[in-house]
Structure formats: C-alpha cells, structure tokens
Amino acid sequence: MTQKMLGLLGGMSWESTAHYYAQINRSVRGARGGLHSARLLLHSVDFAPIADMQRRADWAAAAQLLGEAGRGLAAAGAGTLLICTNTMHKVAGQIEEMAGIPLLHIADPTIAALRAAGVERVGLLGTRFTMEDDFYSARLCGAGLQVCVPDTDDRTELHRVIFEELCRGLLYDASRLRLLAMVDALRADGAQAVILGCTEIAMLLGQDDTDMPLFDTTGLHADAAAAWLLG
C-alpha cells in the first residue's frame, strides 16, 4: 500500500524548519521502528523576499508565492500541506485554495492541547503580526479561549528578537530573560499558560525555564503532521 506523503512549506526560517523535519521523522521512526522515516516533500523558500513582503504588508504577493509552491508540492504527490511558520497562516486560506489540497493549520493542535489541559485564558507570544493581527487570536477565541498579549514595548522587542536573532540561529541569555519577564507579565494578566506562537521561540525558551505551562506550536504542529502520516 502506498504511504501518505506530506508537503512542507519551509524556510521561514530554515532554523525552525529543521526542527520540524527532525521531529516528524523521530515520531514516525518511534511509531514504526527500525529504519522507518517520514515521506516528506519540502519546498524551502528564500525567506528574505517574504520577510520584505511582510514588512510592506503585501500579503497578497506572499500568498501567491506560497500558494504556487504548495501547488507544486501537490503536483509532486503531497496529500496534505503544512506551513512551517505561524505568521504565514495569515494567508493560510489562500495558500490552501491555490494548492488544492487540505492544510493542517498550526493553531488547531495547540487549541486541542490547551482545551485538554483545561486552559481558559492564554498568553500569546509571536511575531508582531501574530500578536497584533486577528488571524491567529480569532481562531483561538473561536474555540472558546481568551487571549492576552504582551504590551507594546514587549511586542516590539520580541519581534526584533525573532527576526534579528532567532531566525539567524543566535541565542542570547539576555533575550531569554526578557522573554521570561514577558511570561511573568502575561501570568499577572491572568494567563494560565503561554503559547510559543512563533516556530523559533522554543529554540530559546523551554519548559525547563519556567513553571508557567508553555505550549510550543512547532512541536504540536509536527506531532499533528506525524499523526496524519501514521493515520
């Protein structure tokens, strides 16, 4: 029987895409044993032009570029699509429509995990687009969750850390401490848990760093991808 094939839209940044690739393959090997690995097709884009489109708010151009990449993955045999970044889920609907195959939305496994944990109010960390636009929080609120985000200064600093440090593989203790302060501020705002809503954040901040429950979207998304492949 032909096994399923999953299409990955990656490179945004390639630092976090590498974690996706490793975790999906580890999960498949763990389930099937031996030398088994995941059947994946990866289209890794050049992130610089897309980051520029984000800065210019040219989301239509970004959707077109990624939609065409998704269509190519579908033509090559992918049965489902995975966008390896939170921010570009702003145009997930357009990408899915252009690709012509179903998309595993990054927020959905996180929502499922939060609901299973009984969380009602959650803090959201991510890029400025993810924290300030409604494409992400609206999906969370639609599932019955209350969402809070850091204040303006913290949102600006976190956005800088993501693009100037994490996307370049740079990990600094000072930035980890700043993120921990943001977590504490979200706790003070009533958050019962915090979503690591950028696929690079878990490179810097992990559950060992805080007693606040952290929900890593990269790991949860990768687990959902492996479950689809194994299903």
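I began with Ser13, which I found in the loop between strand 1 (6-10) and helix 1 (14-32); helices (H or I, at least four residues) and strands (E, at least two) are DSSP runs, numbered from the N terminus. Before going further I noted that this is a predicted model, in which local features need pLDDT of at least 70 and side-chain atom pairs count only at pLDDT 80 or more, while totals for chains, interfaces and linings use all residues. Residues are numbered from 1 along each chain as its sequence is written, and side-chain values use heavy atoms, with hydrogens and water left out.

**Backbone.** Most residues other than glycine have a negative phi, and most peptide bonds are trans. Against that background I noted that Met12 and Ser13 are joined by a cis peptide bond, with omega at about 5°. I also noted Ala57, which is not a glycine and yet has a positive phi of about 60°; I located Ala57 in the loop between helix 2 and helix 3 (59-75).

I then traced an open sheet of three strands, which has the order 2-1-3 and parallel pairing; two strands pair if DSSP finds at least two bridges between them. The edge strands are strand 2 (40-44) and strand 3 (80-83), each of which pairs on one side only. From one strand to the next the twist averages 20°, where axes are lines fitted to C-alpha atoms, for helices over the stretch in contact, and angles run from 0 to 180 degrees between N-to-C directions. Strand 1 and strand 2 run parallel and are joined by five bridges, and I saw Gly7 standing opposite Leu41 in strand 2.

Helix 1 packs on the sheet and touches strand 1, strand 2 and strand 3, its direction making about 175° with that of strand 2; contact means heavy atoms within 4.5 Å. Helix 3 lies across strand 1, strand 2 and strand 3 and runs at about 155° to strand 1.

**Pocket.** Which residues lie nearest the centre of the largest pocket? I found Ala51, Arg55, Phe163, Glu164 and Arg168 there, among 13 lining residues. A pocket here is an open set of points on a 1 Å grid where a 1.4 Å probe fits, with protein on both sides within 12 Å along at least five of seven lines, and lining residues have an atom within 4 Å of a point. Helix 2 (47-55) and helix 8 (152-164) each supply at least two residues of the lining, and the largest share, five residues, comes from helix 2.
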